[in-house]
Amino acid sequence: MVNTESSRLARPGRLGAYGTTVFAEMSALAAASGAVNLGQGFPDEPGPVEVLEVARQAITDGANQYAPGRGMPALLDAIADHSRRTYSQDVDPNSEILVTAGATEAIAASVLALCGAGDEVVTFEPFYDSYAATIELSGARRRVVPLEPADDGWAFDPEELRGAITPQTRMILLNTPHNPTGRVFSHDELALVAELCIEHDLLAVTDEVYEHLVFSGPAAPRHERLATFDQMRERTLTISSAGKTFSVTGWKIGWVIGPPFLVSSVTAVKQFLTFTNGTPFQLGVAAGLRLPDDRLHRVVGRLQERRDQLCGGLESLGWPVMRPQATYFATVDAGALGGTDARQFCLDLVQSVGVAVIPMTVFYDEQHRSSGNRLVRFAFCKRESVIAEALDRLAKW
Ligand SMILES: *Cc1c(COP(=O)(O)O)cnc(C)c1O
């Protein structure tokens, strides 16, 4: 038998420090203890039946082999039409789109293709957890600009963004609407990002997986696409995901839109990560993108009811909650409830009343953990009865 202690087999893997994600850990804890799971952000209601039915039929009809490298032609055409209809953005389906294994692969292939040792990537903190790992894998360095809780949600200091850019900066990696804060970046914020990208000749990668999950109401924000800003088209990769838009997170169908030379670079990497994936699901998503807009409005309308159910319920329990403008998530200030360590607070919550949520610390750099240490993230993309049960349990806390 090999002595794994002394053997080279024991050498830590490239991302050894990352271990299992807290999402998997909390979901496992929730499942083992029968807790209500408001941790991981996956919907527990089925997506539009038209979308599901097309994928089912595609399997029956034999669409079960490798898709072409860039994606199924029907999906590429549907993405181009959707971009034109929704953003007045003209996209060539043959050279400016790449279908990926979810947004996660789109982000990874983009960063791995375009960044390396000596480069820096600027992103906003808290950030989606795959960003840190992906930037590290590429060999580049991460520089973060803090988003801070403010009166109207969350905001960043423009000077912090300017100050984060150095001669080594290669890319700004931006997520709007933003997970975990639910922030939709404003027109002025995006204009500043565009100005800096042009001034310093930077690439922009925008993670827009929640593009269709923006809530309505007085002073509701509008999601805008950075690539449609003047002179940004040639330097921006826009990333979307069917998982979030159509409540099919298990399908892992995402895509990148960008200028041909950038999409070719990303394709070169992507082909050796997964080559292609999800042939019948790609056809289902193509049908989804062709649904009338009111079908998507119905999905986000139901989600908004769940947001109001959860946030209203937490408020009546006296829990300080920030009502998000978009996404699946609301932030609670656990510090105001006596929680000084978000992770411990989440473990206590799951053990004492059986509700699983996510400590926001996982979306912060190690050195900035204190900023997230008072905050926890609740997912409300769950059935009405599940949220009601969670609120009943939290009332006993
Ligand atoms: C869910 C999510 C992703 C991953 O999307 P997949 O299509 O499931 O890979 C990427 N970015 C953000 C901000 C997300 O919330």
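These notebook entries record what I looked up in the structure above.

**Ground rules**

I am working with a predicted model, in which local features need pLDDT of at least 70 and side-chain atom pairs count only at pLDDT 80 or more, while totals for chains, interfaces and linings use all residues. Residues are numbered from 1 along each chain as its sequence is written, and side-chain values use heavy atoms, with hydrogens and water left out.

**Backbone**

I then found a cis peptide bond from Glu125 to Pro126, with omega near 5°; Pro126 sits in the loop that runs between strand E3 (120-125) and helix H5 (129-138). The bond from Asn179 to Pro180 is cis as well, with omega near 15°, and Pro180 belongs to the loop between strand E7 (169-175) and helix H7 (187-199).

Next I looked up positive phi values. Gln231 is not a glycine, yet its phi is positive at about 70°, and its place is the loop between strand E8 (203-207) and strand E9 (236-241). Phe275, in the loop between helix H9 (260-273) and helix H10 (279-289), has a positive phi of about 65° and is partly exposed at 36% relative accessibility.

**An open sheet**

I traced an open sheet of 4 strands in the order E11-E12-E15-E14, with antiparallel pairing, where two strands pair if DSSP finds at least two bridges between them. Strand E11 (321-322) and strand E14 (358-359) stand at the edges with a single partner strand each, so one side of each has no neighbour in the sheet. E14 pairs with strand E15 (residues 375-379) over 2 bridges in the antiparallel sense, and Ile358 stands opposite Arg377 in E15.

**Empty space**

Rolling a probe the size of a water molecule over the atoms shows where empty space is left. On a 1 Å grid over the protein atoms alone, a cavity is a set of points where a 1.4 Å probe fits but cannot get out, a pocket is an open set with protein on both sides within 12 Å along at least five of seven lines, and lining residues have an atom within 4 Å of a point. Grid points are joined across faces, edges and corners, and a volume is the space filled by probe spheres set on the points.

How many cavities of 30 Å³ or more does a search of the whole structure find? I recorded 2. The largest cavity holds about 200 Å³, and among its 16 lining residues the closest to its centre are Pro43, Glu45, Ser247, Val299 and Leu303. Helix H11 (residues 293-316) gives the largest share of this lining, 4 residues. The second largest cavity holds about 40 Å³, and its lining includes Gln89, Asp90 and Val91.

I ended with the largest pocket, whose volume is about 670 Å³; 26 residues line it, and the closest to its centre are Ala17, Tyr18, Val362, Tyr364 and Arg369. H5 supplies the largest share of the pocket lining, 5 residues.

Technical notes. Buried < 20%, exposed > 50% of the residue type's maximum accessible area, 1.4 Å probe, protein only.
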